[in-house]
Amino acid sequence: MTAGPSEAGSSAVLLPHPVAGGAFASPVATGTGWPGDPATARTPVAHDAETVRELAAGAPGLPELDARISVCRACPRLVEWREQVAVAKRAAWRGEPYWGRPAPGFGDEHPSALVIGLAPAAHGANRTGRMFTGDRSGDWIYAALHRAGYATQASSVAAGDGLELRGVRIVATARCAPPANALTPAERATCGGWLDRELELLLPSVRSVLALGQVGWDALLAAGRRLGWRIPRPKPRFGHSAVAELGLPDGRPLRLVGCYHVSQQNTFTGKLTEQMLDAAIARLRE
Ligand code: SF4
């Protein structure tokens, strides 16, 4: 149950990382020097939902949890898809290696706020290995986090580009790119094991969560129920700038803020504007 070579297929062609150089297969093998790769060849690999729960519960801290997430193979459909995309690539990035593994959370290890999205994009985080990095959605969220003082740079191009988040961490409903951006209920439930543990580890400092889209909103509420939080009834409804006050087991409140997803479908059409995104992020600090 340790990290080894890809089982569903990999490209033997070694290509240089756009920032770090070097030479990497697609998907990237552990221990080969990819910037920020949290795993080693000894990192245990989850192959089903039960081992996700076991390995998540046994992760003593965020670095080990990130490592275990980054080598997970528990969802056969998603593993096949992420690795197929990593080998086939998009023409614009044919000369680059693709991460092709799950994307762990990114940002501050003691954040006051979280951002929860859907899942990596096939040619975004599945290529770069970092949440919301290398695609148009990422351009929007990192620029907004920079305007709000949470990000040290306004863009996120590649792992190893120097970007740091301060006071915020980005997590996800699922850590692998799904075909057609759609997860099955079973995949959401399986990856929820990683999310639950990440929330447990982060809760001592977290005061608020920005949910990008209905899927992120629902995933956060579902995780909260599993973790014994107080969730208002009826279930709070998602909407842009909607706010729900949740109760943590230690009695502290947790503010959940809704925000339309930073997908191109929303940003190109004007359903989500920069001003709307900035206003939703501002509610995290109210
Ligand atoms: S979606 Fe989550 S649980 Fe499924 S393979 Fe990816 S990391 Fe593992």
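## Stop one: a strand residue

Select E245: at 38% relative accessibility, E245 counts as partly exposed, because that class runs between buried (under 20% relative accessible area) and exposed (over 50%), using a 1.4 Å probe and protein chains only. E245 lies in strand β7. Helices here are DSSP runs of H or I with at least four residues, strands are E runs of at least two, and numbering starts at the N terminus.

A contact means heavy atoms within 4.5 Å.

## Before you go on

This is a predicted model, in which local features need pLDDT of at least 70, side-chain atom pairs count only at pLDDT 80 or more, and totals for chains, interfaces and linings use all residues. Residues are numbered from 1 along each chain as its sequence is written, and side-chain values use heavy atoms, with hydrogens and water left out.

Color by pLDDT, the predictor's confidence in each residue from 0 to 100. The protein's mean is 95, and 96% of its residues reach 70 or more. Then select residues 1–8. There pLDDT stays under 50, and the model has 25 contacts beyond four places in sequence for this stretch.

## Stop two: the ligand

Where does the ligand sit? In the largest cavity. On a 1 Å grid over the protein atoms alone, a cavity is a set of points where a 1.4 Å probe fits but cannot get out. To sit in one, a molecule needs more than half of its atoms within 2 Å of the grid points.

Next, select the surrounding residues: C72, A74, C75, L78, P102, R175, C176, T190, C191 and W194. Each has a heavy atom within 4 Å of the ligand. Helix α6 gives the largest share of this shell, 3 residues.

Select α2, residues 62–70. Of its 9 residues, 7 are buried. They are L62, L65, D66, A67, R68, I69 and S70. Their cover includes α1 (49–57), β5 (168–172) and α6.

Move to α7, residues 213–226. This helix has 14 residues and reaches 20 Å from its first C-alpha to its last, close to the 20 Å expected at 1.5 Å a residue. The expected span is 1.5 Å times one less than the number of residues. Its buried residues include W217, L220 and L221. Among the elements covering the buried residues of α7 are β4 (113–117), β6 (208–212) and β8 (253–259). Just after α7, find G228, with a positive phi of about 80°.

## Stop four: backbone in the loops

Most residues other than glycine have a negative phi, and most peptide bonds are trans.

Start between β5 and α6, where N181 lies in the loop. N181 is not a glycine, yet its phi is positive, about 55°. N181 is exposed, with a relative accessible area of 51%.

Go on to the loop between α7 and β7, which holds S241. Phi of S241 is near 70°. At 21% relative accessibility, S241 is partly exposed.

P234 is found in the loop between α7 and β7. The peptide bond from R233 to P234 is cis, with omega near -5°.

Finish at P27, in the loop between β2 (21–26) and α1. Here the bond from S26 to P27 is cis, with omega near -5°.

How values were computed: On a 1 Å grid over the protein atoms alone, a cavity is a set of points where a 1.4 Å probe fits but cannot get out, and a pocket is an open set with protein on both sides within 12 Å along at least five of seven lines; lining residues have an atom within 4 Å of a point.
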